[in-house]
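Here is a short report on one chain. Please keep the model open while you read.

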Amino acid sequence: MSKTGSRKRRFNKTLFCLYQSTSDDLMFWCWFDVLILSMNYGFDMTQISLLFSVAFWVALAVKAPANALAKKLGAARCVLLSAAMFLLAALLLTFGCTFAVAVVGQSIYLAAGSFQEMATVIAKKAAERDPANVDYMQLMSTTGVIFSVISLIAAMSMSRLYEMNKNLPMYICIGFCLNSCVLAYFISRYDEE
């Protein structure tokens with residue numbers, strides 16, 4: 001194979017940081033889930049506690065099978081799957097009107113984390129292949145800072161957005177999920193064996 005044919009794409013640190021910081025959780029939902037469930041769904045605290053308990057146990061039950069599946073799928077497919085799962089969860093949690101739908105949405109949301117963690121495998125591989133270009137610790141620190149800034153903006157804007165439309169924060173969350181699906185496609189292409 002020629003020298004140019006064997007050359008791999010250079011890992012895009014900015015793209016990864018944007019993906020990881022906006023795809024690591026559901027914006028607004030992760031901070032205001034109880035508020036959204038009580039105000040938008042009308043659930044009382046008993047229903048909310050039950051919802052989180054059931055979803056937690058479901059996520060715990062699928063953790064081992066999800067990890068086994070993640071190993072079979074590989075990091076690239078897991079990144080794509082997690083983005084799709086977060087989007088599905090956001091849609092169910094935004095538009096679902098029943099307790100059962102909310103439990104399914106919350107369960108998918110919690111299970112998606114098992115697959116999303118594989119994005120770090122892609123970053124670690126990139127750091128091993130090109131240590132002069134990719135510093136894994138710096139990359140993850142930058143991602144954490146961006147996530148914190150986004151979370152701060154979400155927290156500061158929640159009441160205003162909620163006044164405008166009670167579902168607007170979750171609509172924005174869905175927008176982040178759609179963006180994550182696009183970014184996941186590009187990030188998955190950096191998974192090289």
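## Aromatic pairs

Two rings of Phe, Tyr or Trp count as a pair if their centres lie within 6.5 Å. By that rule, the structure holds eight aromatic pairs. One of them joins Phe 11 and Phe 16. The model is a predicted one.

Phe 11 is buried. Phe 16 is buried as well. Ring pairs also bring in Tyr 190, so that Phe 11, Phe 16 and Tyr 190 make up a cluster.

## Overall fold

How many helices and strands does the chain have? The count is nine helices and zero strands. Read from the N terminus, the order of elements is α-α-α-α-α-α-α-α-α. The radius of gyration is 18 Å, close to the 16 Å that the globule rule gives for 193 residues, so the chain is as compact as a globular protein of that length.

Along the principal axes, the C-alpha atoms fill a box of roughly 65 × 35 × 25 Å. Take the contacts between residues at least 6 apart in sequence: 81% of them join residues at least 24 apart.

## Surface and interior

Of the 193 residues, 46% count as buried. The chain exposes about 10,200 Å². Carbon and sulfur atoms supply 66% of that area.

## Helix H6

Helix H6 covers residues 99-116, which is 18 residues. At 1.5 Å a residue, H6 should span 26 Å.

Which residues of H6 are buried? Among them are Ala 102, Val 103, Gly 105, Gln 106, Ser 107, Ile 108 and Tyr 109. Further along, the buried residues include Ala 111, Ala 112, Ser 114, Phe 115 and Gln 116. An α-helix has 3.6 residues a turn, so residues three or four places apart point the same way.

## Cysteines

A disulfide is a covalent bond between the sulfur atoms of two cysteines. The structure holds zero disulfides. Cys 177 is in none: the nearest cysteine sulfur, in Cys 173, is 4.5 Å away. The cut-off for a disulfide is 2.5 Å between sulfur atoms. Cys 177 is buried, because its relative accessible area is 5%, under the 20% limit.

Cys 181 is partly exposed, with a relative accessible area of 24%.

Conventions
Residues numbered from 1 in each chain as written. Predicted model: local features only at pLDDT ≥ 70, side-chain atom pairs only at ≥ 80, totals over all residues. Heavy atoms only, no water. Helix = DSSP H or I, 4+ residues; strand = E, 2+ residues; numbered from the N terminus. Expected span 1.5 Å × (residues − 1). Buried < 20%, exposed > 50% of the residue type's maximum accessible area, 1.4 Å probe, protein only. Rg over C-alpha atoms; globule rule 2.2 N^0.38 Å. Contact = heavy atoms within 4.5 Å. Areas by Shrake-Rupley, 256 points an atom, 1.4 Å probe, with all protein chains shown as cover. Phe/Tyr/Trp six-rings, centres within 6.5 Å; stacked < 30°, edge-to-face > 60°.
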